[in-house]
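Colleague: I have not looked at this one before. Can you walk me through it?
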Amino acid sequence: MKAIYPGSFDPITYGHVDIISRARQIFDELVIAIMVNDEKSGSFTMDERLEMVRECIRDYDNVSVVIGNGLTVDFARKIGATVLVRGIRAVSDYEYELQLATANMTLAEDIHTIFILAKPEYSFLSSSTAKVIAKNHGDLSAFVPDNVARKLREKYR
Ligand code: ADP
C-alpha cells in the first residue's frame, strides 16, 4: 500500500522524521509531499526544503520526496496513494487536523487519513519552534537533524 505524507516541511524536524520512520514500517511505500501553499509564504524555498528532506531520508529505501500542488487528495490520487498520513502532537493539533481530514474525506471517499503519533519528546516540536531557536542562535541539536541545523544557522546568521 502506498501512502502520502503531505505538509510544509519548512523545515523538516525530528518530529517529521519520527513520523516518517514509523509510517515507512506500516506502508510499502511512503511519498513525502512538500505541498505548495499560497496561504503560507514559508521561510525556505521549495527546493531547499526538498533537498533537506532528501538528505534525511537517504537511508530509507521505501521513502521518496516530491513537491506537490493543488488539493492534497487530488495529488494523492495522481501518485496512486490511498492513505494520507498526518501527525498529531498535542490536543491543539486535533481540531485543525480533524477539519482537514473531514474535508478530505468529503472530497475523496477513496483516500483514508491515518494519524501517527511521534515520540513524546517531539510533541511540542514544530518547524516554527526550530526557526525561533535558530533566530536566537540556540542549540538546535535536539530539534532538527544536523543538515537542517546547518541550513538554519546559515539562514539566520
Ligand atoms: P502543515 O503546514 O501541513 O501542517 P507541517 O510540515 O507543519 O505542515 O506538518 C505536517 C504534518 O506533520 C502535520 O500533520 C503535523 O501535525 C505533523 N507534525 C509536525 N511536527 C510534528 C511533531 N513534532 N510530532 C508529530 N507530528 C508532527
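Modeller: Start with Ser-8: one of its polar side-chain atoms is 2.5 Å from an oxygen atom of the ligand. Keep in mind that this is a predicted model.

Colleague: Which atom of the ligand does the polar side-chain atom of Arg-89 lie 3.4 Å from?
Modeller: A nitrogen atom of the ligand.

Colleague: And what part of Tyr-122 lies 2.8 Å from a nitrogen atom of the ligand?
Modeller: A backbone N or O atom of Tyr-122.

Colleague: How much of the ligand does the protein bury?
Modeller: The ligand taken alone exposes 550 Å², and 92% of that is buried by the protein.

Colleague: How many residues surround the ligand?
Modeller: There are 17, and the closest are Tyr-5, Ser-8, Lys-40, Gly-87 and Tyr-122. By class, that shell has seven nonpolar, five polar and five charged residues.

Colleague: Now pockets. Which pocket is the space taken by the ligand?
Modeller: The largest pocket. The volume of that pocket is about 1,200 Å³. It is lined by 46 residues, and those closest to its centre are Gly-7, Ser-8, Lys-40, Arg-86 and Tyr-96.

Colleague: Which elements give two or more residues to that lining?
Modeller: Strand 1, strand 4 and strand 5 (112-117) do, as do helix 1, helix 2 (46-56), helix 3 (72-79), helix 4 and helix 5 (127-135).

Colleague: Which helix gives the most to the lining?
Modeller: Helix 4, with eight residues.

Colleague: And how does the lining divide by class?
Modeller: Into 21 nonpolar, 16 polar and nine charged residues.

Colleague: Changing topic to the backbone. Where does Phe-9 lie?
Modeller: In the loop between strand 1 and helix 1. Phe-9 has a phi near 50°, which is positive although the residue is not glycine.

Colleague: What about the peptide bond from Asp-10 to Pro-11, cis or trans?
Modeller: That bond is cis, with omega near 0°. Pro-11 also lies in the loop between strand 1 and helix 1.

Notes:
Residues are numbered from 1 along each chain as its sequence is written. This is a predicted model: local features need pLDDT of at least 70, side-chain atom pairs count only at pLDDT 80 or more; totals for chains, interfaces and linings use all residues. Side-chain values use heavy atoms; hydrogens and water are left out. A residue is near a molecule or strand if one of its heavy atoms lies within 4 Å of it. A polar contact is a pair of N or O atoms within 3.5 Å; within protein, one must be able to donate a hydrogen and the other to accept it, and residues adjacent in sequence count only if both atoms are side-chain atoms. Accessible areas come from the Shrake-Rupley method with a 1.4 Å probe; for residues, only the protein chains shown count as cover. On a 1 Å grid over the protein atoms alone, a cavity is a set of points where a 1.4 Å probe fits but cannot get out, and a pocket is an open set with protein on both sides within 12 Å along at least five of seven lines; lining residues have an atom within 4 Å of a point. A molecule sits in a cavity or pocket if more than half of its atoms lie within 2 Å of its grid points. Ala, Val, Leu, Ile, Met, Phe, Trp, Tyr, Cys and Pro count as nonpolar, Asp, Glu, Lys and Arg as charged, and the others, Gly among them, as polar. Grid points are joined across faces, edges and corners, and a volume is the space filled by probe spheres set on the points. Helices (H or I, at least four residues) and strands (E, at least two) are DSSP runs, numbered from the N terminus.
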